[in-house]
Amino acid sequence: MFETIIGLEVHTQLNTQTKIFCSCSTSFKDAPNSHTCPVCLGLPGALPVLNEAALKKAIAFGMAIDATINQDSIFARKNYFYPDLPKAYQISQFEIPIVSAGYLDIDTESGLKRIGIERAHLEEDAGKNIHEGEFSKVDLNRAGTPLLEIVSRPDLRSAQEAISYLKKLHALVRFLGISDANMQEGNFRCDANVSIRPKGESKLYTRVEIKNLNSFRFIQKAIEYEVERQSEAFERGTYASEVVQETRLFDTTKGITQSMRDKEGSADYRYFPDPDLRRVHIPKAFLEQVIPELPDAKKARYIELGVKPEDASMLVSDVAIAEYFEEMMGMGASVKASVSWLCVELLGRLEGAELESCKVGAQTLGTLVQRIDSKKISGKAGKEILDALLSQSASQPSDVDTLIEKLGLAQVQDTQELSRAIEAILAQHPDKVAQYKGGKTKLLGFFVGQILKNMKGADPSALNALLKEKLEG
Ligand SMILES: [Zn+2]
């Protein structure tokens with residue numbers, strides 16, 4: 001029987017506004033080659049400058065996996081030619097990466113297992129080749145977007161363990177807010193190094209790299225296929241000729257891996273320190289600026305703010321929810337009302353749809369809750385406005401205050417206006433006023449009803465207090 005040995009290399013795109021060595025935008029939605037400059041086009045003489053935001057994100061990741069943050073690290077040139085890499089080298093890190101020797105604990109069938117992370121280094125992405133009929137085109141908008149390459153130790157022993165590790169890593173980079181990690185868009189992709197060995201042996205056999213996997217399902221299938229291919233070759237006695245160090249691609253329709261090219265060794269790339277970039281020195285004070293807040297710490301902070309523990313768990317279950325909640329509070333909404341309007345009213349109405357693609361953003365819901373907190377509108381009116389916000393067309397959206405106005409939902413809070421309305425009703429019903437003064441205090445509800453008939457809404461506590469004052473004073 002065989003033992004499976006898997007190590008994973010994950011490339012996750014860091015979500016910075018600008019590229020790693022120039023100030024071009026990292027936006028993907030614009031016309032091809034519209035975000036380029038002499039640096040990312042690789043023109044001679046152009047000088048790269050490291051993006052501080054990318055560095056901070058890499059450090060935050062290193063801290064989250066309890067790794068060593070190397071206070072001095074080096075950028076290196078990795079030399080190879082591709083049409084989508086105009087400089088003919090990629091700026092990456094080789095000898096001293098920013099992050100080394102961390103780990104991630106994953107859930108397995110036999111309990112928690114610690115997976116070593118050998119290194120995580122910063123590098124730039126290449127552009128994109130587009131093949132159309134007899135033409136091939138190159139779009140360099142992606143050239144120079146920052147990547148964090150996260151390299152695990154060969155500690156994984158099955159496809160299931162590999163998936164468990166990847167899911168945990170995927171959730172972590174999203175939680176840290178360092179990457180959108182959208183697998184369909186290819187900004188969280190994985191290369192798997194897979195080998196087998198007879199059980200009980202300790203030496204490593206030939207490893208095969210499966211490149212560019214970008215769905216959990218395909219990663220699992222590709223690893224399972226590769227393990228079977230290598231095991232069968234071993235049993236047939238053709239291992240030495242069939243299993244060679246190479247890069248293979250997974251054919252998603254056929255469900256098999258196919259040879260792509262011989263695997264390069266690091267010597268093939270002729271790495272050398274990039275003379276255009278200085279050694280990156282990270283002072284201690286800089287490190288302290290980027291200590292990330294992990295889920296448990298965030299949860300504790302929310303509980304401190306007055307959030308119930310079960311609600312706090314819900315808020316930190318997804319970084320999008322936690323961010324939404326904090327942004328609502330930033331609009332001046334109270335903690336308790338923010339939790340209930342986000343978790344109950346909004347998420348309830350979304351029925352499982354993604355919060356990120358919701359029409360009602362955190363600032364809008366935060367404003368709505370603030371208007372309820374300040375009694376400008378009632379909670380009931382708030383629900384009516386939320387429904388209106390969710391159903392309105394995206395082309396002509398109204399904001400909260402416009403809708404309050406349009407739907408006539410503002411409560412009267414002005415004391416003088418309330419006083420006039422109260423006095424008018426009391427004057428119309430002198431008999432009832434006398435009965436109230438004689439002890440029939442239940443008539444309070446009657447007066448409130450009559451007053452509200454004449455106005456669309458009133459702050460109930462202000463109205464009640466003023467009415468009592470006039471009846472009893
Ligand atoms: Zn540029």
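1. In this predicted model, the side chains of R77 and D274 form a salt bridge, with an N to O distance of 3.1 Å. The pair ties together distant parts of the chain: R77 belongs to strand β4 (residues 76-79), while D274 sits in the loop between β15 (272-273) and β16 (280-281), 197 residues apart. R77 and D274 are both buried.

2. Salt bridges with shared partners join E226, R229, E246 and R248 into one network. Over the whole structure, the search finds 26 salt bridges.

3. Helix α1 supplies a local pair. K56 and E52 both lie in this helix, 4 residues apart, or about one turn. An α-helix has 3.6 residues a turn, so residues three or four places apart point the same way. The side chains of K56 and E52 form a salt bridge at 3.3 Å, N to O. K56 has a relative accessible area of 25% and is therefore partly exposed. E52 also counts as partly exposed, because its relative accessibility is 45%.

4. K57 is also in helix α1 (residues 52-64). Not counting residues up to four places away in sequence, K57 touches L14, N15, T16, G177 and I178.

5. C40 is located in the loop between β1 (2-13) and α1. Is C40 buried or exposed? Its relative accessibility is 6%, so C40 counts as buried. With neighbours within four places in sequence left aside, the contacts of C40 are K19, C22, C24, H35, P86 and A143. A240 is 200 residues from C40 along the chain, and the C-alpha atoms of the two are 43 Å apart.

6. Helix α8 (residues 319-330) has 12 residues and spans 16 Å from its first C-alpha to its last, close to the 16 Å expected at 1.5 Å a residue. At its N-terminal end the helix is capped by D318, which places a side-chain oxygen 2.9 Å from the backbone nitrogen of A320. After α8 comes G332, whose phi is positive, near 95°.

7. The buried residues of α8 are V319, A320, I321, A322, Y324, F325 and M328. Which helices do the buried residues of α8 pack against? They pack against α2 (159-175), α6 (295-305), α7 (309-316), α9 (335-350) and α10 (362-373).

8. Helix α16 (residues 460-472) has 13 residues and reaches 18 Å between its first and last C-alpha, close to the 18 Å expected at 1.5 Å a residue. L463, L466, L467 and L471 are buried in this helix. Viewed down the axis of α16, its buried residues fall within an arc of 130°, so they line one face of the helix. E469 and E472 are exposed on the other side of α16. The buried residues of α16 pack against α13 (415-428), α14 (430-437) and α15 (444-453).

Key
Residues are numbered from 1 along each chain as its sequence is written. This is a predicted model: local features need pLDDT of at least 70, side-chain atom pairs count only at pLDDT 80 or more; totals for chains, interfaces and linings use all residues. Side-chain values use heavy atoms; hydrogens and water are left out. Helices (H or I, at least four residues) and strands (E, at least two) are DSSP runs, numbered from the N terminus. The expected span of a helix is 1.5 Å times one less than its number of residues. Buried means under 20% relative accessible area, exposed over 50%, partly exposed in between (1.4 Å probe, protein chains only). The arc is that of the directions from the helix axis to the C-beta atoms. Contact means heavy atoms within 4.5 Å. A polar contact is a pair of N or O atoms within 3.5 Å; within protein, one must be able to donate a hydrogen and the other to accept it, and residues adjacent in sequence count only if both atoms are side-chain atoms. A salt bridge is a side-chain nitrogen of Lys or Arg within 4 Å of a carboxyl oxygen of Asp or Glu.
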